[in-house]
Amino acid sequence: MTELFHRVPALDRLTRVLAERRAAGSRPGARTDDHRVALAIEGGGMRGTVSAGMALAVCELGLLDGFDAVYGASAGAISAAWLLSSRPQGLSGWADPRFARALIRKRNLLRGRPMVDVETLIEEVYIRQFPLDYASVLASRIELHPLATELDTGQPVDLYGELTDESVLRLALRASAALPLLAGRPVTVGRRRFYDAGLSEAIPFRQALRDGATHVLTLRSRPPAPAVPVPVRPSLGSRFVAAVAFRRTERLREAFLARPGRLADDDRTLAAYHDVPASAAEPAVVSISPAVTAPSVSRLETDGDLLREALQSGYAAASDALRF
């Protein structure tokens, strides 16, 4: 068991339902209980390698069929698609330096092109070089909910209802991970334009709750927050990005600058959920975070050894927490 868990009530409630479903042979779309169990995957650029390792553990522990929906933000949405595909082992690709080089192209800055090349990754690499079976994702009985931030409102939007075919699925994944400035222009899905989900809802457990989830397992890409909250305010770099990238979109600028406070609130909320009594009527919300000793991974990390360590640390954290 990792240092994060001491059999908190929420974890017991979640694992009890997963165990009951596994014992009953319950399958998505054909449930006999009244629960809605959701998986929420945090991203954060290449830091999403950590939560990808956790998602892989969920699959290899045989727990995936116990979930009704998977919610993903940014890189977490891409991991969610791999998880629901015919080849979930592709999640290990996050630790492959070839994957990192396909996504993070620092030399592109000299060519006036996006440094984080999500479009090439989704539209070319995942079709020709490292195929993601998009058709199988759409056919999955487990719902995929990729989140993104709407350009005009600065609010999170669940793109689940837009997923009508493979081309739209690819657009939705690109929209969820479209980092401002670094990944180029916003992505249009339907008639709306979107940027990275992290601008408005980096940890997508709230959308799962809005959809009526009774149990939520949240896979984090960052270590636990300090026990004592520290004041949060936008960094100088964030204020510069906001002034350059969002000078014409006030609501998106406000959402971007509010990120530190929103993440701190998410940390406090998730920690509070862990101690909700087992008898409570509130949803059971559990979050798994990497250990504080896990390797630190940046959004733009490309070092293969470090990424492999990150994937393994996430895998170990989820495996320890979810063995029952």
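Residues are numbered from 1 along each chain as its sequence is written, and side-chain values use heavy atoms, with hydrogens and water left out. Because the model is predicted, local features were considered at pLDDT of at least 70 and side-chain atom pairs at pLDDT 80 or more, whereas totals for chains, interfaces and linings use all residues.

The protein chain contains 12 helices and eight strands, where helices (H or I, at least four residues) and strands (E, at least two) are DSSP runs numbered from the N terminus. Its C-alpha trace spans about 55 × 45 × 40 Å along the principal axes. Of the 324 residues, 54% are buried, a class defined by a relative accessible area under 20%, with exposed meaning over 50% and partly exposed lying in between (1.4 Å probe, protein chains only). Among contacts (heavy atoms within 4.5 Å) with a separation of 6 or more, 75% are made by residues 24 or more positions apart.

The protein chain exposes about 14,200 Å², of which carbon and sulfur atoms supply 51%; these areas come from the Shrake-Rupley method with a 1.4 Å probe, and for residues only the protein chains shown count as cover. There are 41 positive and 37 negative side chains, and the centres of the two sets lie 6 Å apart. In this count Lys and Arg are positive and Asp and Glu negative, while His and the chain ends are not counted; each charge is placed at NZ of Lys, CZ of Arg, CG of Asp or CD of Glu.

A nonpolar core is here a set of buried Ala, Val, Leu, Ile, Met, Phe, Trp, Tyr and Cys residues joined through side-chain atoms within 4.5 Å. The largest such core has 85 residues, and Met46, Tyr126, Leu217, Ile288 and Leu322 touch the most other members. A second, separate core of 17 residues includes Ala38, Ala40, Leu147 and Val216. Apart from residues up to four places away in sequence, Leu217 touches Leu14, Ala38, Leu39, Ala40, Val58, Phe67, Val286, Ile288 and Leu322.

Phe67 lies in the loop between α2 (48-60) and β2, and its relative accessibility of 1% places this residue in the buried class. When residues up to four places away are set aside, the contacts of Phe67 include Leu18, Pro28, Val37, Ala38 and Leu217, together with Arg31. The C-alpha atoms of Phe67 and Ser26 are 9.9 Å apart, although the two residues are 41 positions apart in sequence.

Tyr126, by comparison, is found in helix α5 and is buried, with a relative accessible area of 1%. In this helix (residues 118-129), Val118, Thr120, Leu121, Ile122 and Val125 are buried as well as Tyr126, and the cover over its buried residues includes α3 (75-84), α4 (97-103), α6 (134-139) and α7 (166-176). Beyond its neighbours within four places in sequence, Tyr126 is in contact with Ile78, Trp82, Phe99, Leu121, Pro131, Leu132 and Tyr134. The C-alpha atoms of Tyr126 and Phe99, which are 27 residues apart along the chain, are separated by 9.8 Å.

Ser74 occupies the loop between β2 (69-73) and α3 and is buried, with a relative accessible area of 5%. Most residues other than glycine have a negative phi. Ser74, although not a glycine, has a positive phi of about 60 degrees.

Glu60, in helix α2, has a relative accessibility of 46% and counts as partly exposed, and its C-alpha atom lies 8.9 Å from that of Gln89, 29 residues apart in sequence. Glu282, in the loop between α11 (259-274) and β8 (284-288), is likewise partly exposed, at 43% relative accessibility, and, leaving aside neighbours within four places, is in contact with Arg13, Tyr273 and Val276.
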